Amino acid sequence: MKPILTVSNLSKDFTKPLDLIAKLLNKVGQDNKEEVVHAVDDVSFAVQRGEIVGIVGESGCGKSTLGRMVAGILSPTSGSVEFDAEQTKASDLPQALQTQMIFQDPFSSLNPRKRVIDIITEAPIFHGLIARKQKNEFAAEMLQRVGLDSDTLQRYPHQFSGGQRQRIGIARALAVSPELLVCDESIAALDVSIQAQIINLFVRLRDEFTLTYLFISHDIGVIEHISDRVIVMYLGRIVETAPISSFLQTPNHPYTKALLAGVPRLEVGKREYEPVSGEIPSPLDPPTGCHFHPRCPFASERCQREAPLLRELSAGHFSACHLNDEAQP
Amino acid sequence: MKPILQIENLQTHFFTKAGVVKAVDGVSFDINAGEVVGLVGESGSGKSITGFSVMGLVDAPGKIVGGRIMFQGEDIAAMSPQQLQSLRGNRISMIFQDPMMTLNPVLRVETQMVEAIKAHDSMISKSEARARARDALGLVGISAPEERMRAYPHQFSGGMRQRVSIAIAMLNRPDLIIADEPTTALDVTIQGQVIHEMQRLCEVTKTALLWITHDLAVVAGIADRICVMYAGRVVEQGPIASTISQPLHPYTRGLMGSVPSQNRRGQPLQQIDGMVPSLLNLPSGCAFQNRCAMVSDKCLSEIPEPIDVGEQRLVRCVNVGQEPAS
């Protein structure tokens, strides 16, 4: 089966241009370089239809930049995002409609001066998916899908709680019948009991409308719960990708292991934390070789020199670590 | 052993134009010396205001209108601002969620730390205070403290800044530290580091810790006892192990079911329907009634009192004890 989304060798650099003084100094012989952040560095993966792929990583690992490129909000520096839409859908619609994004902050992602009905129907009316006179029933149906009352249509966003606003954001995304939803920390700003409601909603919607999700989160507990496959990122690169079962049972990369060990868990109870040492390095000046080597307890000289490549360990389970070479020469 | 902090029937209300917000309404719990107590609740449950009340940090229109906060035998709620001043940062200190907001961005870390020491000990010499500040930084795991204390807060990363604020909180060897969401803004591996340092320090110095958070899993990992708050009241409290394994209040049960867990992968989470009622307009009776599956007539009319169910556990639910806990 052809994957719905194929990301190949995708990279995104953010460059800070030189200011005037640095340019002048360069004229007189100084050598000031532009600062470049490799937010996403040569990332490739594929997503099957109906799959929920979780992307985890800590701040600055490029997971949000990756999500934005997939959703078409940012244009990549190099590489490509290919999308394979279902043939039955009208092919003259822009590809961007097939991918919708759900944002983290339900307060800033909705226009405060628009009524709910207009927030939901603006895009489908613009693209001619529905007629203007269908507006009312269409919006009501969308609201019902996400578990909101249809008599709230005429309200403004500020009249809703955080969880309800996130539901409106989801209804807005669903309004153009997308096939892929990119959820960027979509539940991070919500309370625990509301989080559970929204997670259940995501799962229900996938079953109802055969949606595919790219679920970006720093919360490993949530990723474990919802994903079929997990991608672990560290400083712009994929360090490990695995089906959920092998991610949980046989994590391979030292970073993945550290992440999993650091997750507070209800079922474990009181315990001692044994954290990995060191901080996340600045993406402006990432370590050479394997980005994780300054924090890795198993780092060798080779890790400083040479960046490891992703290697398949078992079906669908890839990890980028030199230790795997030594284990099986 | 007498508890170091006894909160009895604390009521902190906010007198707003729209009406009285009962942010904290009848909260009682104790903290023993060297004990870690987790105060858990969702936004608006009053957990932070409870912490602020203990620190005497409740600003107008908020006011402590009832109850006592006994700290080592003295009532904090009745103290004058001067008395509070000598207590804060000295015998009780606080760690906040966002270290960028608590550290002064225009002063070197050193200046801020020396200031905190001198505020409570005017006799100490500058070099002595510096040495103590340096040792405190070393203690929380900041390498090369001598150089790092000359830096400004923005030169530290988020996790390091939180370590600095922990070091400042520990400076005067307090008996109690109130930590309000101290690791919420941090990444997983950094959160692990900070929790590790806090656990170690509290064990060494025998400092009691009130850990305020919305994250049940974090509390499960560090606390000795847990208090669960909902709409201004503690609905359940008890030792961590028995409370987590056998929650009795429907809200605690719902909260636990809402946390994704490896054991229940693939199944829908047990969500709590509905949302937290507005504190301006609480229903009469139990505040959880509109979200509770076991609601009865009794819940609608009377506010449940804490029921002692043994093993030092208290639960505010009329259904507890009337039927075998399921």
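This is a predicted model: local features need pLDDT of at least 70, side-chain atom pairs count only at pLDDT 80 or more; totals for chains, interfaces and linings use all residues.
Begin by selecting chain A, in which 11 helices and 11 strands are found. The radius of gyration of this chain is 22 Å, close to the 20 Å that the globule rule gives for 329 residues, so chain A is as compact as a globular protein of that length. Among the contacts in chain A between residues at least 6 apart in sequence, 67% join residues at least 24 apart.

Next, stay in chain A and select Leu20(A), which lies in helix H1, residues 20-27. Leu20(A) has a relative accessible area of 63% and is therefore exposed, the cut-off being over 50%.

For a contrasting stop, select Gln166(A) in helix H5, residues 162-174 of chain A. With a relative accessible area of 1%, Gln166(A) is buried. Its side chain reaches the backbone oxygen of Ser186(A) at 2.6 Å. Leaving aside residues up to four places away in sequence, Gln166(A) touches Ile102(A), Phe103(A), Gln104(A), Pro106(A), Ser186(A), Leu190(A) and Ile198(A).

Most residues other than glycine have a negative phi, and most peptide bonds are trans.

Select Asn9(B), which lies in strand S1, residues 5-16 of chain B, and which has a positive phi of about 50 degrees although it is not a glycine. Asn9(B) counts as partly exposed, at 42% relative accessibility.

Then go to Ala60(B) and Pro61(B), where the peptide bond from the former to the latter is cis, with omega near 5 degrees. Pro61(B) is found in the loop between helix H1 (47-55) and strand S4 (62-71) of chain B.

Finish at Glu311(B), in the loop between strand S11 (307-308) and strand S12 (314-315) of chain B. Glu311(B), a residue other than glycine, has a positive phi near 50 degrees, and with a relative accessible area of 59% it is exposed.

Methods:
Residues are numbered from 1 along each chain as its sequence is written. Chains are lettered from A and ligands numbered from 1 in the order in which they are written. Side-chain values use heavy atoms; hydrogens and water are left out. Helices (H or I, at least four residues) and strands (E, at least two) are DSSP runs, numbered from the N terminus. Buried means under 20% relative accessible area, exposed over 50%, partly exposed in between (1.4 Å probe, protein chains only). A polar contact is a pair of N or O atoms within 3.5 Å; within protein, one must be able to donate a hydrogen and the other to accept it, and residues adjacent in sequence count only if both atoms are side-chain atoms. Contact means heavy atoms within 4.5 Å. The radius of gyration is taken over C-alpha atoms; the globule rule is 2.2 Å times the number of residues to the power 0.38.
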